[in-house]
Structure formats: C-alpha cells, structure tokens
Amino acid sequence: MSLLYLVLVSLVLGMLVGKTTSFDFGNFYELMLYLLIFIIGVDIGKSKGLREELRKLGKMALLLPVATIIGSLIGGFLASMLLGVSLKWGLGIAAGFGWYSLTGPLLAAYSPVYGVVGFLANLTREILTIIFYPVAIKRIPKEVGIVMGGATTMDTTLPIIAKFGGTEITLLAFVHGFILTAIAPFLIPLILQFF
Amino acid sequence: MNIFIPLLAGILTGYLLKNKVKISIDKPMAVALLLLIFFMGIEAGRVEINAFKLLLYSIVFASFTILGSLFVALLGVRR
C-alpha cells in the first residue's frame with residue numbers, strides 16, 4: 001500500500017476516533033509535529049550538491065521556484081477573498097506548495113479545521129498536477145508546467161513530469177521541488193506568526 | 001515551542017552527520033507522519049465540520065494556487 005493511502009487511512013481513522021471517543025492523548029500531537037519537523041531538518045541538512053546543480057541549470061532553476069512562490073501566494077490571496085477566509089489561513093495554505101503532510105499539521109497546531117483544509121488543499125494540488133500536467137503541457141512550455149506541482153516535483157509528481165515532459169526537464173523539476181521544500185517549513189510558520 | 005527550533009536543530013544535525021553516518025530517514029519520517037496525521041484527525045474529529053464545505057475550499061485553494069503559479073511563470077519566466 002502506498003504512503004498516500006496510508007496517510008488517508010490515518011486521517012479518516014483519527015477523525016473517527018476523535019468523533020466517537022473522548023480519550024485524552026495529551027500533547028502527543030505536538031510531540032509528533034516537532035519530531036517530524038526535526039526529521040525534515042535532518043533531511044535538508046544532509047542533502048548536498050544543490051549549488052552545483054543550480055549552476056548547470058542556469059537562471060531557469062531559480063526563476064521557476066520564485067514564480068511558484070509568488071503565484072501560489074497570489075492564488076491563496078484570491079481564494080481567501082473569494083471564500084471569505086482570513087488571509088492568515090489563505091496564505092498559510094498556499095505556502096505549503098503541495099506539501100500536504102507539512103502544511104496540514106502546521107496549520108492544525110493553530111486551528112484543527114484549517115489544518116484539515118490545508119492538508120486537503122495541498123493533497124488536491126498534488127492530485128490535480130498528476131491529472132492535468134500531461135494536458136497542460138500541450139498548450140504551455142513543459143518547463144513552465146513544472147510550477148503546477150510546487151514542492152511535490154522533487155518526489156511524487158516527478159515521475160509524471162519525467163514521463164510526459166521528458167527526462168531533460170527532470171533535473172529542473174527536482175531542483176524546483178527541492179528549493180520549495182526547503183522554503184515551505186520556514187514560510188508557513190512565518191505567515192502564521194505575522195498575520 | 002517555536003517550530004524553528006526543531007527545524008534548525010535538525011538541519012544542524014543533518015549537516016554534522018553528512019558524510020559521516022549513512023542514515024535513511026524515510027521510515028522514521030513515514031512513521032512520524034502517519035502518527036501525526038492520525039492525531040490531527042482526532043483533533044479535527046472533535047470539531048463539528050461540514051465535509052462538503054471543506055472539500056470545496058480545498059479544491060478552490062488547490063486550483064487557485066496552481067493557476068496563480070502558472071500565470072506568474074508564463075508571465076515572467078523566459079529561457
């Protein structure tokens with residue numbers, strides 16, 4: 001069973017337990033959150049060779065993540081206006097860039113409901129990228145299409161991009177996802193604290 | 001606790017362990033993630049929520065963030 005299914009099963013199981021029991025789990029949630037953030041930090045700290053890869057790819061490797069950051073935040077801003085959601089949550093959800101397993105728990109530390117929205121919205125971004133990337137690149141440059149996947153282009157949506165966009169943009173997609181993966185854990189808490 | 005403390009501690013640990021210890025963090029990360037999602041589900045389950053509204057919000061946010069990214073990239077990114 002893939003991790004995505006296990007994640008969905010965990011979420012549904014947790015919601016059922018929360019709905020049907022009143023058992024107190026104390027601060028397990030916070031402990032798990034800090035443990036996960038620590039592990040993500042270890043992963044970022046031990047990665048290597050990014051500077052060299054960036055040099056090979058040129059300015060496109062930096063411009064695409066910047067476009068994704070600005071565009072996602074504009075999208076989050078417009079969505080929060082349309083739905084009447086506070087800007088804090090709208091931008092926080094958008095700053096996940098598709099990284100649902102990080103965004104959901106981070107937002108849930110402030111609001112369980114927006115934690116679930118953050119989780120589902122970013123999961124939906126991943127699913128929509130898998131479905132629509134192959135369609136979108138028939139009309140737009142395949143390199144530009146990478147921005148759809150946000151942070152997921154370094155792992156879950158990378159095979160789709162490689163298969164339909166071609167192996168020559170795989171490295172670009174990976175670097176794009178890597179940069180956003182390094183930024184999201186800092187940007188989401190910053191937004192939640194300052195708005 | 002501020003979220004930056006475990007994050008920076010992790011980055012420092014990862015940097016210090018780089019090239020010294022070969023560790024796979026995939027499994028610990030998956031276990032921590034599944035437990036975290038489970039506990040998040042419990043927190044959400046205790047709050048009255050409208051499932052349809054949540055789904056609608058999720059689709060709107062996902063679509064707008066994707067379209068916003070594409071718009072800015074098409075406007076500003078040239079080879």
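At what angle do the axes of helix H7 (residues 112-136) of chain A and helix H9 (residues 158-165) of chain A cross? The two axes cross at roughly 15° and come within 10 Å, which makes H7(A) roughly parallel to H9(A) (angles under 35 degrees count as such). Here, helices are DSSP runs of H or I with at least four residues, numbered from the N terminus, and axes are lines fitted to C-alpha atoms over the stretch in contact, with angles from 0 to 180 degrees between N-to-C directions. Contact, meaning heavy atoms within 4.5 Å, involves A:Ile130, A:Tyr133 and A:Pro134 of H7(A), together with A:Ile160, A:Ile161, A:Phe164 and A:Gly165 of H9(A).

This is a predicted model, in which local features need pLDDT of at least 70 and side-chain atom pairs count only at pLDDT 80 or more, while totals for chains, interfaces and linings use all residues. Residues are numbered from 1 along each chain as its sequence is written, chains are lettered from A and ligands numbered from 1 in the order in which they are written, and side-chain values use heavy atoms, leaving out hydrogens and water.

Turning to the two chains, 84 residues from chain A and 58 residues from chain B take part in the contact. About 6,500 Å² is buried between chain A and chain B, with carbon and sulfur atoms giving 82% of this area; buried area is the accessible area (1.4 Å probe) that two parts lose on being put together, summed over both. Zero salt bridges are counted between chain A and chain B, a salt bridge being a side-chain nitrogen of Lys or Arg within 4 Å of a carboxyl oxygen of Asp or Glu.

Notes. Helix = DSSP H or I, 4+ residues; strand = E, 2+ residues; numbered from the N terminus. Parallel < 35°, antiparallel > 145°, perpendicular 65-115°, else oblique.
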